[in-house]
Amino acid sequence: MPKPRPPQPSTVLAERLHYRGQKFDFLAQTLQFPNGVTGDREYVIHPGGVVVVPVTADGKFICIWQYRFAIGRYIYEFPAGTVEPDEPPAQTARRELAEETGYSAHQWNDLGQFFLAPGYSDEIMYVFLARDLEKLDRPPAGDEDEDIQVLFKSEAELADEILLAPDADAKTIACFLRARHQLHATR
């Protein structure tokens with residue numbers, strides 16, 4: 001069986017910045033694809049994000065019930081946030097865990113990274129498993145506009161709520177599966 005050809009990058013023929021925002025930009029490009037066809041594409045330029053999967057000593061997952069304005073409802077998520085300029089993703093993970101849950105972790109595992117929505121964004125999600133948790137006496141203040149409730153869920157409860165119900169986002173589902181795989185591999 002022949003090997004697949006390595007992907008060839010498209011050639012950018014023109015580009016235009018449509019919008020520069022606080023967290024991301026919106027770019028339009030005219031591209032010549034490897035097959036010679038020319039087309040227009042628009043996408044979000046994002047600095048990247050982190051997701052933290054915190055697990056307590058008794059095996060409870062800490063998640064948050066957070067209001068998301070784009071969909072107008074609350075959903076289950078793991079603590080997550082945008083990587084700030086010149087901030088390593090591991091530092092973002094520590095900051096977001098403290099701000100969104102009031103905990104710090106003494107044990108961290110890098111669970112890799114993935115593209116969140118490559119059809120319209122270049123955002124990369126960096127995933128971390130946080131264990132050996134400690135409740136902070138004075139957690140740092142998070143974003144004022146976030147409406148978050150911290151919840152503790154068993155693996156079975158969380159699996160039912162995020163895998164079978166419409167109350168979770170894709171990054172939470174993907175990160176739960178990665179963390180569960182890591183946790184079961186180390187038992």
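The largest pocket of this predicted model holds about 1,400 Å³ of space. A pocket here is an open set of points on a 1 Å grid over the protein atoms alone, where a 1.4 Å probe fits, with protein on both sides within 12 Å along at least five of seven lines, and lining residues have an atom within 4 Å of a point. Its volume is the space filled by probe spheres set on the points, which are joined across faces, edges and corners. The lining of the largest pocket comprises 36 residues, with Phe24, His46, Arg68, Phe69 and Thr82 the closest to the pocket centre. Two or more lining residues come from each of strands E5 (61–68), E6 (73–77) and E7 (80–82) and helices H1 (89–101) and H3 (170–185). By class, this lining splits into 14 nonpolar, eight polar and 14 charged residues (nonpolar being Ala, Val, Leu, Ile, Met, Phe, Trp, Tyr, Cys and Pro; charged being Asp, Glu, Lys and Arg; polar being the others, Gly among them).

Turning to the second largest pocket, its volume is about 160 Å³. Among its lining residues are Gln29, Leu31, Arg41, Glu42 and Tyr43, together with Phe115 and Pro118. Strands E2 (25–32) and E3 (38–45) each contribute at least two residues to this lining, and E3 gives the largest share, three residues. Five nonpolar, three polar and three charged residues make up the lining of the second largest pocket.

The protein chain as a whole contains three helices and 10 strands, taken as DSSP runs (H or I, at least four residues, for helices; E, at least two, for strands) numbered from the N terminus. Along the sequence they follow the pattern β-β-β-β-β-β-β-α-β-β-β-α-α. The C-alpha atoms fill a box of roughly 55 × 50 × 35 Å along the principal axes.

Helix H2 (residues 155–163) packs with H3 at an angle of about 150°, their axes lying 10 Å apart; axes are lines fitted to C-alpha atoms over the stretch in contact, and angles run from 0 to 180 degrees between N-to-C directions. H2 and H3 are therefore roughly antiparallel (angles over 145 degrees). The contact (heavy atoms within 4.5 Å) involves Glu155, Leu158, Ala159, Ile162 and Leu163 of H2 and Thr172, Ile173, Phe176, Arg180 and His184 of H3. These contact residues divide into six nonpolar, two polar and two charged.

Residues are numbered from 1 along each chain as its sequence is written, and side-chain values use heavy atoms, leaving out hydrogens and water. In this predicted model, local features need pLDDT of at least 70 and side-chain atom pairs count only at pLDDT 80 or more, whereas totals for chains, interfaces and linings use all residues.

Conventions
Parallel < 35°, antiparallel > 145°, perpendicular 65-115°, else oblique.
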